[in-house]
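Try each one before reading its solution.

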Amino acid sequence: MSNQSRIRLDRVSKCWGATTAVDDISFDVTPGQFVILLGPSGCGKSTTLRMVAGLEEASSGQIYIGERDVTRLPPGDRGLSMVFQSYALFPHLSVADNIVFGLRSRNVPKAEQRQRLAHVAELVDLTDYLHRKPAQLSGGQRQRVALARAVISEHPICLMDEPLSNLDARLRSDMRREIKALQSRLNMTVIYVTHDQVEAMSMGDRVILMQQGKIVQDGTPDELYNRPASAFAASFIGSPAMNLLPLEAGEKGAVIVGEPHTSVAPLEAVGGQLGIRPEDIALSTTSTTGVPALVVSDEYLGADTIAHLAIGDHTLRVRLSGRHRLAGQQCRIGWTAEAAHLFGGDGLRRDDLTAYSLLPAAALSAESASPHPQLQPQR
Amino acid sequence: MDPFAGVRPGAFNERYVIMSFTDHRKMQLYGALLLLPAALLLATFAYLPTIATVVNSLFLPGFRGAPTQFVGLENYQVLFSDPTFWKVARNNLLYALGTIPTSLALALAMALFVNGKLRGRGFVRMAYFTPTILPMIAAANIWMFFYAPQIGLFNKLLGILGFSGVNWLGDPSVALGSVIVMSIWKEAGFFMIFYLAALQGIPPELKEASDLEGTSRWSFFWRVTFPLLMPTTLFVLINALINAVRVVDHLFILTKGGPNNATNLLLYYVYENAFSFFDRTMAATITVVILLVLAVVATLKFTVLDRRTHYQ
């Protein structure tokens, strides 16, 4: 496919007075890619998107679309469309007029407008609603109108700014699939801003995680989940988030603060953090090996149970499949060396060290479906 | 007596179903009592005078203690054959046509201007609004100085440029125009506030969405901004129309309706009839005519224009 829809940011920054919203970021989106800009609110992801769109001017750096330097071009000349969080539908215009608004601005002939409208309306399933006003539509339908308006322009690039955040949870998961399907069907290049890690993991070909105006990690959802580049990335991806336990020096190695008897990593890891995903922790009430912990409470979520454990001075969450009543019991927990992530004092991932494998015998974990007799779900 | 006797909190649902006929009547009475003060005031100061005016316009006063005499529509016949009335009515029409479109357009232009990014925006907004805070009498006095034949600002400026002065308020062919200009100056700032409020209610994303499609400013204004301002335009239009008939304070200062009724407007003519010529009957008759005209205009507004206007 042509290079027309390649987007490249080269050392782009945005400052308002003394505050820097976006701090010297660079990335390169290949055509047809679905890229997620992920991060907490105020991390600069929306500003980045708006700079690509041309709604904000970059304070420094260059933005390229295709081979063109578009840094100073007005939004209308950049050849892209955008879906807004608030949908930005014109309330006085019918659905049909909203969708063809841009075509009218570009003086597309009437007959072609009608033809493209019919095609796009069918694509997003709005054919029966073309004469309604936006106020007469449900949230999901308004979202479709906004999508249709982006699609009908036939721009190869579509920018989306938290398009699903105004929808309820159920509709959101439907729309996630629809947007993804539409994108791959039309082979659009999409930059999608969200703070929802579920959207990022499920939709993105690639996720760019941002924090305080900087890119923390840029990779596939798989990489972000399995090899988080920093403690921040680790805590942002996954639900419940990864457990992060500070390490201090013990007799034979690094130990979890408040739990001096079991060393979990080499001494060099002291001062950093040990990260383990709740689903990677094995738990046993009978084992004598592993890290001792006390189950404080358990939350039953249907398919699985989240147990809250006190270990040393810290609490940590363990995800167990099925239903378990463990509150108040002493137990042993552990994990494999591959499941444990080590982060340095600066929060960055340390690949030079490997944590110890601490699997307790006869453990109960999210993966193992054969719990110990004592841990049979109680009825 | 406790009007809520049948509707204690908590017991409401059960009791409502079986609420007896008298309980229901009590509730209605309670509601009516709440409405009473406002209704009483409205009746005393709005509806009764209106009815009295309509009645007055159908009678001739009796002289020397004789009873008033019902004459039907004779007063209206007299009024409609009065050339001064037609002149005043025509003046008022010209006044409305002269002030309303211009002040609306000006108000919208000013609102668009001060809604944009602008240095000293607060100051400019305040400056535009200043004429509105001035009482009409004070404003008219200021304009007296502008319009004064020898020492007036306008004639001084014209003099500097080498033109001979104009008798702004004394020349019958110019006087109404002078009054119109002053009214526009006074009203535009007031209407601007409504437009400004409405403009700030338009989400900025609409502009951004249309910018992304390369829509020109001009096209965005006519396709989005203006239609979305329609409710405000209607509101302001009705207000301007009522003001065109209702506000005559400046005539007291500037022209007193003269010269030769060249600037006389309907309400001022009503005042003259009632308190200068002591012809209360004629004053009542003109008042009824004004009311009817305004009623027709308001009906047109609510039936024709409202249907074509988008309300959010």
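**Exercise 1.** How many residues does the contact take from chain A and from chain B?

*Solution.* This is a predicted model, where local features need pLDDT of at least 70, side-chain atom pairs count only at pLDDT 80 or more, and totals for chains, interfaces and linings use all residues. Residues are numbered from 1 along each chain as its sequence is written, with chains lettered from A and ligands numbered from 1 in the order in which they are written.

Step 1: count residues in contact (C-beta atoms, placed from the backbone, within 7 Å). Chain A contributes 18 residues and chain B 17 residues.

Step 2: look for the elements involved, taking helices (H or I, at least four residues) and strands (E, at least two) as DSSP runs numbered from the N terminus. On the side of chain A that touches chain B, β6 (80–83) and α3 (101–105) of chain A each supply at least two residues. The most comes from α3(A), with three residues.

**Exercise 2.** Describe the open sheet of chain A.

*Solution.* Step 1: pair the strands (at least two DSSP bridges between them).

Step 1: find the edges. β6 and β10 (214–219) of chain A each have a single partner strand, so one side of each lacks a neighbour in the sheet.

Step 2: zoom in on one pair. Strand β9 (residues 206–211) of chain A runs antiparallel to β10(A), joined by five bridges. Opposite A:V207 stands A:G219 in β10(A).

**Exercise 3.** What are the ipTM and pTM of the model?

*Solution.* The ipTM is 0.80 and the pTM is 0.78.

Note on methods: Two residues are in contact if their C-beta atoms, placed from the backbone, lie within 7 Å.
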